[in-house]
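Colleague: I have a model open and would like to learn how to read it. Could you take me through some features, with the general idea before each case?

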Amino acid sequence: MPHTADAERSRTCPYCRREFRRLDHLQRHVRLHTHEKPSACHCGEAFTRRDLLRRHQRIAHQDRPVAPTPTIPSLLAQQQQSDNHPSLSTIHNAVPEALDLSYPLEDFTSFIDNMGLALDPDSLLNLDSLLPERERVFNASQAENDSTKTPRPEYDEDPKPTAVYMPLLRITEKQHTKILQALAPFQHLLPNFTLPSRESLTRFLNAWFDGVYVHMPFMHGPSFHPDQQPVELILAMAAAGAQHRYEHRKGRLLFYAAKTIFQERQRWKEADAMNGHQFASLTPVTADLDATRPSATDDIRCLLNLMIFATWQRDPGFVRDACDWQSLLVRLLRESGLVETNIPNSATLGWQPWLHRELDRRVKLFAFSLLNLQSIAYNLPPILPSSEMNLRLPCTCNEWRTIDETHWKQVRHDLRHEQPFFQDALGYFLQQSNAPSALTPTPSPAAHLILIHGLLHRILLTRQAFICSPVPQVEIFEAALHRWTSTWQLAPESSLDPLNPNGPIPFTSTALLGLAYTRLHLDLGPCRALATRDARKIADALVHSEPLVRCPGLLSGLLHATHALSIPVKLGVEFVSRSQGFVWSIQHALCGMEFAVLVSKWLHAVGRSQQEAYPLEEHETRLLNWIRRIVEEGRASLDDDGPVSDHLDCYQLAYFVVTLWARIMRGNAQWPFLDIIGQSLDLYASALTGASLDRGE
């Protein structure tokens, strides 16, 4: 059957323009807008899908009472009306459909629907999509045409939400010579440094766009010209790119060169400010040779790249550098402006002025997200209050993909609203009453990533202000996370597919959502010692952290943590571990570590309850079976594991949950930080087993 435009549009949501690969997925999604429940039971209950109806009939009409199915936020009102210590059964009715574990490895669609998310199961099976999108586009073009010309994207009046296009960069001899000239004034500070060859720089910069850009798109690929950027920025990007190409020695050399040049420029600027002169007047030689003097935004870009490289290295000295630079980064951000005022209508701007503004706000917002990640990783107090920022959130994927004025105008022709401001969106999520039904317009995937960082930022501040667990006003944060989830689901590009053609940002955002739920009830911040880079110390800190107490509030975090493990298990633990093809990122490593500890502590708490003959709630039993099936499948996928037992107790399950996460992260040769987390989890699992034996468990 020929592919037609009508067939394509038949899988497009008429409400939010989100596209689906299968018609049944579209139909299920549309019911979220229409609230239609076509599958009705003779008892009067109605459901959005047939499988939910069948499940209801199997459970409810076998002499078991049927309870209404409120959403998770509606439980907040129930809890406020109950006493201060609700029983575990309080939350059971929130997701009875979601926890039917008859088919626990079927992508957990019921759970995902109840949480307001959506997953296309077919997408996980397309292993060809593990190639970077740029490489797939390039290879396809080469197959159709023997020409070695870099392909240009095609666009029409209705651009489809495909991956952000990034042409393969090629450093020319002229560009390489210009970068060498820009390096010349600093050569006396770098006596042993040699600029990599044109081929090496090409490889490293392409690796930056393949590895860093997809998670933090604060530079615009189609308009990127290496010879028009400050030399220290090019070297900092190349350092991270070399890391992604496993050329660690070159990466370190490039990092130190970029760091030296950046610090020298800062010294010049400080001296210039003290003497009251212009920057060029103090350095006439540099002004002649380096025509691309760094702007304030360029300085932020360079420092952000340096911090990305240093934050995740093995050597604690790099970590100290990254943390020491926090205050400088915040100063540069404040000096460049964190509040947008008197913004002209984008319709009156051309593509270039619009792009300049978008790049300026993106680098500031992603700098905020990196500072937040450092706070999460190293238990640092948030240094930049979110209340200081009020920038417009990042634009939509379609706008960000534009490559010239004509393309940009076509994309913006039907755009009715600009993205909301950071404070307006965050205020919508956190307001306690009289909240509007929806946030308009729906934030873009990059905006959702920034906003979940904003909510995590507030949770971290509350954690450090009040030493207690759970955090005060937990209901407000839970309601905010639910609102975030609802708006995430409405974004056309949102997907739980880690191989999403729009990039991994929507998937990464949901990992951080799970981390936010976890941090509401389990604060591992002070209990990880990640800054030591010593796997033994990290494991010991985790072992001696406070035990977990079963409570209804844990359910959301446990569901997200379990689902997070199910995805690499579905793809194959060995495949993910060895290829790192799972669009993996540092954010996932941080979240995975806390998910592993959360689930293991919960399993130990359940094991103790079973030993004491304390009955489990029904949803706990179902979740336990769910975890058991995931562990069995995960162990079966390991090449070097022994026979798989189907009679694992809670303590054995806890051990294998942690070791599966460790196996996923072990052997990561790109970023040593991930390998350290894997080693730490292995030691933590072994220590938990020994502690259980010592107690006779």
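Colleague: Which side chain makes a polar contact with the side chain of arginine 550 at 2.6 Å?

Modeller: A polar contact is a pair of N or O atoms within 3.5 Å; within protein, one must be able to donate a hydrogen and the other to accept it, and residues adjacent in sequence count only if both atoms are side-chain atoms. Here the partner of arginine 550 is the side chain of glutamate 620, at 2.6 Å. The side chain of serine 609 also has a polar contact with that of arginine 550, at 2.7 Å. This is a predicted model, where local features need pLDDT of at least 70 and side-chain atom pairs count only at pLDDT 80 or more, while totals for chains, interfaces and linings use all residues. Residues are numbered from 1 along each chain as its sequence is written, and side-chain values use heavy atoms, with hydrogens and water left out.

Colleague: Where is arginine 550 found, and is arginine 550 buried or exposed?

Modeller: Buried means under 20% relative accessible area, exposed over 50%, and partly exposed in between (1.4 Å probe, protein chains only). Arginine 550 has 15% relative accessibility, so it counts as buried. It sits in the loop between α22 (535-543) and α23 (554-571). Helices (H or I, at least four residues) and strands (E, at least two) are DSSP runs, numbered from the N terminus.

Colleague: How many helices and strands does the protein chain have, and what percentage of its residues count as buried?

Modeller: There are 28 helices and two strands in the protein chain. Of its 697 residues, 57% count as buried.

Colleague: How do I read the packing of two helices, such as α19 and α20?

Modeller: Start with the axes, which are lines fitted to C-alpha atoms, for helices over the stretch in contact; angles run from 0 to 180 degrees between N-to-C directions. The axes of α19 (residues 445-465) and α20 (residues 474-490) come within 11 Å and cross at roughly 175 degrees. Therefore α19 is roughly antiparallel to α20; angles under 35 degrees count as roughly parallel, over 145 as roughly antiparallel, 65 to 115 as roughly perpendicular and the rest as oblique.

Colleague: Which residues of α19 and α20 make the contact?

Modeller: Contact means heavy atoms within 4.5 Å. On α19 the residues include His448, Leu451, Leu455 and Arg458, and on α20 they include Phe477, Leu481, Trp484 and Trp488. The residues of this contact divide into nine nonpolar, three polar and one charged. Ala, Val, Leu, Ile, Met, Phe, Trp, Tyr, Cys and Pro count as nonpolar, Asp, Glu, Lys and Arg as charged, and the others, Gly among them, as polar.

Colleague: What covers the buried residues of α18?

Modeller: The cover includes α15 (351-378), α19 and α20. The buried residues of helix α18 (residues 422-430) are Phe422, Ala425, Leu426, Tyr428, Phe429 and Leu430.

Colleague: Which residues does isoleucine 376 touch, not counting residues up to four places away in sequence?

Modeller: Isoleucine 376 touches Leu456, Leu460, Leu515, Arg519 and Arg528. Its place is in helix α15, and at 1% relative accessibility it counts as buried. Isoleucine 376 and proline 526 are 150 residues apart in sequence, yet 9.8 Å apart in space, C-alpha to C-alpha. For the protein chain, residues 24 or more positions apart account for 75% of the contacts with a separation of 6 or more.

Colleague: And how about isoleucine 505: where does it lie?

Modeller: Isoleucine 505 lies in helix α21 (residues 505-521) and is buried, with a relative accessible area of 9%. Its contacts beyond four places in sequence include Val214, Pro217 and Leu449.

Colleague: What should I look for in the backbone?

Modeller: Most residues other than glycine have a negative phi, and most peptide bonds are trans. In this model, a cis peptide bond joins threonine 440 and proline 441, with omega about -10 degrees. Proline 441 is in the loop between α18 and α19.

Colleague: Which value does phi have in tyrosine 246?

Modeller: Phi of tyrosine 246 is near 65 degrees, a positive value in a residue other than glycine. Tyrosine 246 is in the loop between α9 (231-244) and α10 (248-275), and at 45% relative accessibility it counts as partly exposed. Asparagine 379 also has a positive phi, near 55 degrees. It is in the loop between α15 and α16 (397-400) and is partly exposed, with a relative accessible area of 30%.
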